Amino acid sequence: MTVTAVEKSPEKLTMQITAEFDASPERVWQLWADPRQLERWWGPPSYPATVTAHDLAPGSRVEYHMTGPGGDQPRGFWEILESDAPHRLVFRDGFANDDGSPNDQLPGTTARVTIEEIGSGRTRMSIQSTFPSTQAMEQILAMGMEAGITQAVGQIDAILAEDAVVQSPARGG
């Protein structure tokens, strides 16, 4: 599994997931930058995502919904605060109502994605979520955030493995 650490700090109101991949920072960035690739991993396997709007420029939005096993479709959005391809993405991550407007009944977080080369063709990606309060952190963690993001990031290796298959020369006989 790609996830190397999950660290929660109630004192700092943060949760950070770290993963390492056999890919370049540019390739890992594409997992965020291409909405079709993002759909393949943003969300646990039982709640796959559908991205309906996608622009990573500061001031823009990404909008999506996840479809659960029972057909429910919780919605979410990102308000892009910073974008520095292929190394950094910062966004406000929130829950949305059916019409796409922010759901103020559920707390949002600020997500900081860092992508860095660690040598030998490997890249480390960390996603740090900062919560607005202890109560918000407890509420979102109780909703399954830690397991969900761990399962979601755990799907990335399979996507990257497809690159190796595509790039392998065909062997004929």
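**Charge, fold and core of the predicted chain**

The chain carries 13 positive and 24 negative side chains, and the centres of the two sets lie 3 Å apart. Lys and Arg count as positive and Asp and Glu as negative, with His and the chain ends not counted; each charge is placed at NZ of Lys, CZ of Arg, CG of Asp or CD of Glu. The model is predicted, with pLDDT of at least 70 needed for local features and 80 or more for side-chain atom pairs, while totals for chains, interfaces and linings use all residues. Residues are numbered from 1 along each chain as its sequence is written, and side-chain values use heavy atoms, without hydrogens and water.

Five helices and eight strands are present, in the order β-β-α-α-β-β-β-β-β-β-α-α-α along the sequence. Helices (H or I, at least four residues) and strands (E, at least two) are DSSP runs, numbered from the N terminus. Along the principal axes, the C-alpha atoms fill a box of roughly 60 × 35 × 30 Å.

Of the 173 residues, 41% are buried, meaning under 20% relative accessible area (1.4 Å probe, protein chains only). The largest nonpolar core has 39 residues, and those touching the most other members are Trp-32, Trp-41, Trp-42, Trp-78, Met-125 and Val-153. Such a core is a set of buried Ala, Val, Leu, Ile, Met, Phe, Trp, Tyr and Cys residues joined through side-chain atoms within 4.5 Å.

Beyond its neighbours within four places in sequence, Trp-78 is in contact with residues including Trp-32, Trp-42, Arg-61 and Phe-91, contact being heavy atoms within 4.5 Å.

Methods
Buried < 20%, exposed > 50% of the residue type's maximum accessible area, 1.4 Å probe, protein only.
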